[in-house]
Amino acid sequence: MKRTHIIFSLLVLFMISCDKPQQSVEKLWYESPAADWFEALPLGNGRLGAMVFGDVTEEHIQLNEESLWAGSPENPYPDNVREHYARFQQLNLEGKFNEALSYGMKNLAVSPSSIRSYEPLGDVYLNFGHHTPKHYKRSLDLSSGISTIEYEIKNKRFKRESFISTEYDAIFYRFESLDGVPTDCQVRFDRKKDILQTISDNKIVVTGQIFDDPDGYDDNADGSGKFGLHMKFAAQIGINTDDGEIIASDSKLKVQKSKAFTVVVSAATDYNLQKLNFDRDINSQKIAEGILNRALATSYNDIKKAHIQTHSAVYNRVKLDISGVTLDTIPTDKRMKSFKEEGTDDPYLAQLLFQYGRYLLMGSSGGKSTLPANLQGIWNQDMWAAWESDFHLNINLQMNYWPADVCNLSETFIPLSSYMEQLANNGKITAQQFLGSDGWMAHHVANPFGRTTPSGSNFRSQIENGYCFPMAGTWMSLSLWRHYTFTNDDEYLRETAYPVLKGAARFVLDFLKEDAKGNLVTAPSYSPENTYIDPITQIKLRNTVAASIDIQIIRDLFSACLESEKILGKTVLTDEINKAIPKLPLIKIGKDGTIQEWMEDYEEGEPGHRHVSHLYALYPSNQITQQTPELFDAVLKTIEKRLASGGGQNGWSRAWMINFYARLFKGDDCYQHINSLLRNHIANNLFDLYPPHIFQIDGNLGVTAGIAEMLLQSHEKGLINLLPALPTQWKNGEVKGLKARGGFEVNVKWAEGKMVSAEIIGKEGAVGMFKYASEIKEFEITESGVFIVNI
């Protein structure tokens with residue numbers, strides 16, 4: 001009887017464990033509180049962000065709300081802009097580049113040359129008065145989206161956990177005395193400027209309005225915009241206690257003699273995406289109050305359960321195992337230190353970094369998000385962030401969304417689509433003012449207020465980086481097309497993507513100029529942020545005609561428009577595009593065997609530049625593949641030259657290299673650059689760093705896309721390539737849930753470097769081809785919805 005009872009009990013436990021959702025191994029964890037912001041742990045629901053520090057004496061939670069930006073809508077135009085723009089175009093077309101730059105500085109530069117910054121919401125501090133903890137552990141479970149802090153004081157255990165709920169749209173911070181010790185805590189809110197705090201009904205009520213002070217700091221030499229009172233915002237903080245009492249005093253809330261309580265933070269602004277502006281019909285305080293009251297009226301356990309279900313359902317779509325780690329026994333900071341200083345091999349860090357990128361995209365562009373992820377996603381501690389934490393359209397915003405579809409997070413793309421629709425509407429005015437075009441255009445910097453006119457930190461930058469890259473909006477429009485190729489959602493194509501693509505194509509057709517050789521070229525143009533040396537004057541310049549990336553982008557745009565019109569049964573631009581394509585310059589190989597960055601074979605001003613824009617055709621495009629062997633070989637020489645000259649010197653540039661090498665099927669090189677990124681550009685909380693020590697989320701999201709590209713490629717139409725760039729160091733592994741173009745989902749398992757099983761999941765009757773190693777076969781999805789790959 002005893003043996004039977006034990007077997008029965010084990011069987012019950014097994015059935016219970018099988019019934020539970022699978023837990024991810026990926027956690028960040030530490031044995032001490034965060035020493036600074038780059039060790040704090042991020043939480044997000046798309047709209048709200050928080051950085052949790054974990055100090056036992058006084059907890060610090062730094063807060064963000066996605067739409068809280070300084071400034072107001074401004075799209076400055078110089079006098080007689082169309083006349084001067086036409087002359088600027090002509091001077092560039094004639095090859096008078098230095099003269100064109102001078103003319104632009106004199107006639108096109110206009111204040112404000114730049115924009116104001118994304119700002120933090122503020123900081124919440126919880127003073128517990130705890131000291132000298134033992135057995136301290138601070139962690140972030142990526143699969144549940146919960147940060148946990150555990151410690152002991154005098155053999156008494158305490159636990160804190162925090163998360164940001166999508167369902168309840170608020171920040172929750174829970175304290176529990178596990179051994180029943182009554183605890184006191186003081187809660188306060190702080191912001192450096194622009195707020196008024198009151199206490200009402202045992203709640204901290206924060207009322208704010210950004211004041212852009214004419215005597216205040218301005219990070220941009222030639223202006224960042226109007227002064228005055230702008231965005232309104234609000235926050236409210238309330239507490240639910242299991243026991244004890246709450247006392248309000250001096251804009252603070254005091255919890256006394258409580259064994260367990262929950263602090264809830266709500267926030268809102270009066271931003272309206274449809275207006276690309278703040279909207280005085282929106283009462284941010286009323287919204288914040290409603291969110292808080294709903295949260296306080298619901299049990300913490302119900303809120304937590306709903307949060308875990310929602311978050312884990314999205315996160316757990318993709319599983320990656322390249323390490324064999326089932327339980328992480330090494331603190332993340334110590335693991336990073338060993339990896340950096342001792343040069344140890346640690347595939348688990350790459351696995352963790354991959355899933356962390358997915359987590360960050362969920363937190364900054366999923367859930368309740370309205371706006372796309374900015375340069376820092378949603379997490380920013382500075383009142384004036386680096387580069388204003390803007391939407392940077394010459395690689396960075398594009399890179400933010402490279403992993404969205406392939407990593408099975410397509411819903412995170414919705415905020416970008418919605419924003420691009422509105423930005424395109426603003427860009428119609430700019431295209432009309434500049435060219436008289438009925439299309440739309442945008443330049444390399446945008447913000448929630450819809451900046452589409454050229455921007456730069458000073459007038460020269462406004463001309464060189466702003467005016468000279470009118471293809472920025474066009475490049476962004478292609479993100480919408482890529483999203484469609486993964487989803488095959490014809491309604492999305494018809495209602496959202498195609499109108500944006502059509503407007504961009506209309507602008508491009510009106511913008512292109514015929515040069516003396518009969519080529520259709522872009523003028524002005526530049527290869528983002530790099531310089532060439534003028535062979536006549538020996539001056540370093542940026543402005544030119546038909547930089548390689550421009551023409552590569554245009555080819556993709558025209559191809560996307562033609563295919564869209566074919567799918568939708570339209571012929572609006574088909575004839576014009578078909579006439580224009582043969583006149584576009586071809587990709588050229590220079591005298592040194594590398595892909596030319598410019599139409600002419602110029603000497604590079606910075607051979608090791610961080611941007612590698614002339615390889616857009618390799619990735620994210622598919623214009624260079626093994627089917628174009630000469631260009632394919634030249635790409636490798638281009639990368640080698642760039643790296644030998646010091647390229648890849650920041651996180652997002654290194655991440656781009658990983659994607660390049662994946663497309664070249666060089667898994668060991670990908671592996672090397674993942675390790676280089678981890679050693680040189682990643683903080684202890686795994687945030688990607690730009691020199692000297694600036695968080696930029698694009699590097700995190702770019703490496704996640706790169707790792708996915710190593711394991712699955714689908715950019716060659718109709719072909720799913722399995723394990724195309726598997727490094728020798730990842731001998732055994734498994735990936736589940738990656739998405740391929742055409743609406744497919746893919747699972748692959750390998751051992752000793754060889755694929756042992758694979759599944760392609762899709763709609764019944766869907767067909768395509770798959771490739772493994774050198775073998776290509778056709779497939780058709782059966783009634784079961786799954787095709788079992790046999791090699």
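Visitor: Among contacts in the chain between residues at least 6 apart in sequence, what percentage join residues at least 24 apart? And once that is clear, please take me along helix H14.

Guide: Happy to! This is a predicted model, and 70% of those contacts in the chain join residues at least 24 apart in sequence. The chain holds 19 helices and 36 strands. Its radius of gyration is 27 Å, close to the 28 Å that the globule rule gives for 791 residues, so the chain is as compact as a globular protein of that length. The C-alpha trace spans about 90 × 70 × 55 Å along its principal axes, and 61% of the 791 residues count as buried.

Now for the helix you asked about. H14 runs over residues 548-568, which makes 21 residues. From its first C-alpha to its last, H14 reaches 30 Å, close to the 30 Å expected at 1.5 Å a residue. Mostly, H14 is covered: 15 of its 21 residues are buried, where buried means under 20% relative accessible area. Just after H14 comes Gly 569, with a positive phi of about 70°.

A word on confidence as you look around. Mean pLDDT for the chain is 95, with 97% of its residues at 70 or more. Residues 1-23 are another matter: pLDDT stays under 50 there, and the model has three contacts beyond four places in sequence for them. Where pLDDT is low, the predicted coordinates should not be read in detail.

Definitions and conventions
Residues are numbered from 1 along each chain as its sequence is written. This is a predicted model: local features need pLDDT of at least 70, side-chain atom pairs count only at pLDDT 80 or more; totals for chains, interfaces and linings use all residues. Side-chain values use heavy atoms; hydrogens and water are left out. Helices (H or I, at least four residues) and strands (E, at least two) are DSSP runs, numbered from the N terminus. The expected span of a helix is 1.5 Å times one less than its number of residues. Buried means under 20% relative accessible area, exposed over 50%, partly exposed in between (1.4 Å probe, protein chains only). pLDDT is the predictor's confidence in each residue, from 0 to 100. Contact means heavy atoms within 4.5 Å. The radius of gyration is taken over C-alpha atoms; the globule rule is 2.2 Å times the number of residues to the power 0.38.
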